[in-house]
Amino acid sequence: MSFTNLKMKSIHTHNPVILKVEGLKKYFPLRRGFFQRLAGKVRAVDGVSFEIEQGKTLGLVGESGCGKSTVARLILKLLESDEGKIFYQGQDIQTFSEKKMKPLRKKMQIIFQDPFGSLNPRMTIGQTIEEGLRILGIQNRQQRKARLQKLLEMVGMSAHSADRYPHEFSGGQRQRIGIARALSVEPDLIICDEPISALDVSIQAQIINLLNDLQDKLGLSYLFISHDLNVVGYLSHKVAVMYQGQIMEYAPADRIFENPQHPYTLALLAAIPNIRINQKKDKENKLKVLGGEPPDPLNPSPGCKFQTRCPFAESHCRKNEICLKEISKEHFIRCSRAL
Amino acid sequence: MNLEKKTSQPDFQLERPMAPKSSQIKEFWLVFSNNRLAIGGMIIFILFFCSALLGLFLTSGPDPIFDPAQIRLQEKLRPPLAKANLDTLRPEEVPRMGIYFFGTDDLGRDVFARMLQGAWVSLTVGFVAVGIAILIGIFMGGIAGYFGQHYLGAVSIDTLIMRIVDIMLCFPSFFLILTVVALLPASIYNIMIVIGLTSWMGTTRFVRAEFLSLREQDFVVAARALGVNNFRIIFRHMMPNAIAPVLVSATIGIATAILTEAGLSFLGFGVPPPHATWGNILSDGKRFIFDAPWLTFIPGIAILIVVLSFNLFGEGLRDSLNPKLRQRR
Ligand SMILES: Nc1ncnc2c1ncn2[C@@H]1O[C@H](COP(=O)(O)OP(=O)(O)OP(=O)(O)O)[C@@H](O)[C@H]1O
Ligand SMILES: [Mg+2]
């Protein structure tokens, strides 16, 4: 897989916004020691904003522990956020009770990274998917069975798989089953939390193609989470690059790859083997290996979160909080170089 | 969404599992049947179960085949396999089989009949007490594990339940049982309930720990994201995955309960006298340990074998239900 055959999707047409997130924050209390004293807060998600258009994909990229999965859980209200707003088709679901949330649960689904933990080992594939169909409201058993078959076929699984248990399948097959379960309630938005990170390369491509096909066929919107910028390029219309709970750069996918602006994005791109960046040679060499340490989450120093690792950091980066700035149309970066 | 659109993929392109269909029960049996001690334990478990059931029919009713209550003072302390002395017995006192398989005790009662009656007591005490303990344990552990982070006033539900468990564990349970039994009228039901009420703490800890880890597993999160209700998440998704260690501890718990009941009966706090239990046969027999050693050895060895076999069976279950231990062989 390489960046050159990046599937450029219709980036510049606009659809209505299906999900909009505004200033989302989640701080986890960190307890330490014998008495579980409150030692501080982990700023897992620290003011994240983005929007996803109907039928399009937003790629969310960032290194391990930067808060990607937490964002996913916050959007699905599996975790209460501390601050911020989540709009689903214009409705502010942040204030919704669990009961009010129920019909919306069908509209937003999730696919997980670990294909081994994401299916109940004591339920057959059929039972797992039928659970979703029952929630969708299909009471008739025959209808459910027919739908189950269609769903399995749609994700490329044989209908004979229905009465098997998860342990009988390979990782890629389980991932397909996970996708079928998500599709069972006819969602509009699917959050893919690193759905291919645990698979080998050939299977990764299959799953990406499947997700692409499903998007074309069913008009799904995706929030595609990954730690690999290269993979995100295959699917995404827009990309948000995340670091330490904050979005560093947010732009249409082609611009992220052709004209990256944030030093962290540059570093991520430089980490992809065999890729030409339209930057000067010295810059590239400087960035090849990202030095420095990530900041201590408990005592964050003022200023930019990336300062400790940024090769371009200057004194004002260590003083002032940096905001997300629009440097050209739809291209946002959180960096003082843009000032 | 349009699910109706027919996918044009031919069937041979669709993915299917490579392995032939194998049920988890088959896999379980493969491992379990390799463990000889566990198989032995299971066979004795089944034999004990059957003989206790059979014993209930043979020793009860208006005219039982083996009458555990029939006193024949002229036939006291006969050794095992002794023939009944038909000359001295009145017709209604003659044992049906004409032979005392396990001898007689100091009142001339048939020890075999009494052992049969006692087997049923041990079995019911074991199962009912453990049943009560498991029900309470699953309930408390389930609540602590699933709803634990909610607050009741100043403390979380989890803290509350686990501190109750700690407090219960502070008391040596046998003495707790002795105290309670001394206050309550002695009856077999009270014994069962008291043993059950003082032995649920282990199960609670087990279930809570399992639930805490299961809660965070992706398939449970997926069920929550689908909008599956709490009841179904607990009983369909979490319980079946948490039940294996509970079953194992239950099997071993039955052995412990049988032992506890025997201990109580031995001390005279157990099931009241006319009814035979292995504990009170042992207790009555100890006065004649030199003249009639079978009165101590027969119930003693029976308790030993049953408790040992339950423990072996339980450990075999644990090994074969745990996929991580499975890979070791
Ligand atoms: N329940 C929790 N309690 C405390 N801290 C948490 C909790 N969940 C996540 N965190 C912390 O929040 C931060 C972000 O975690 P998150 O799982 O969102 O990262 P991620 O970007 O998904 O990483 P990965 O790529 O490894 O999946 C981490 O530092 C993590 O330790
Ligand atoms: Mg994650």
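**Reading a ligand shell and a sheet**

Modeller: Let's start at the ligand: an oxygen atom of ligand 1 sits 2.5 Å from an N or O atom in the side chain of A:Thr70. A polar side-chain atom of A:Ser69 lies 2.6 Å from an oxygen atom of ligand 1.

Colleague: What am I looking at, and how are things numbered?

Modeller: This is a predicted model, where local features need pLDDT of at least 70, side-chain atom pairs count only at pLDDT 80 or more, and totals for chains, interfaces and linings use all residues. Residues are numbered from 1 along each chain as its sequence is written, chains are lettered from A and ligands numbered from 1 in the order written, and side-chain values use heavy atoms, leaving out hydrogens and water.

Colleague: Which residues are around ligand 1?

Modeller: A residue counts as near if one of its heavy atoms lies within 4 Å. Here they include A:Phe28, A:Val42, A:Lys68 and A:Glu194.

Colleague: Which element gives the largest share of that shell?

Modeller: Helices (H or I, at least four residues) and strands (E, at least two) are DSSP runs, numbered from the N terminus. The largest share, three residues, comes from α1(A).

Colleague: And what is the strand order in the open sheet?

Modeller: Two strands pair if DSSP finds at least two bridges between them. In chain A, four strands run β2-β1-β4-β5, with antiparallel pairing. β2 and β5 (91-92) of chain A are at the edges with a single partner strand each, so one side of each has no neighbour in the sheet.

Colleague: How many bridges join β1 to β2(A)?

Modeller: Strand β1 (residues 17-32) of chain A is joined to β2(A) by 13 bridges. A:Lys25 stands opposite A:Asp46 in β2(A).

How values were computed. A polar contact is a pair of N or O atoms within 3.5 Å; within protein, one must be able to donate a hydrogen and the other to accept it, and residues adjacent in sequence count only if both atoms are side-chain atoms.
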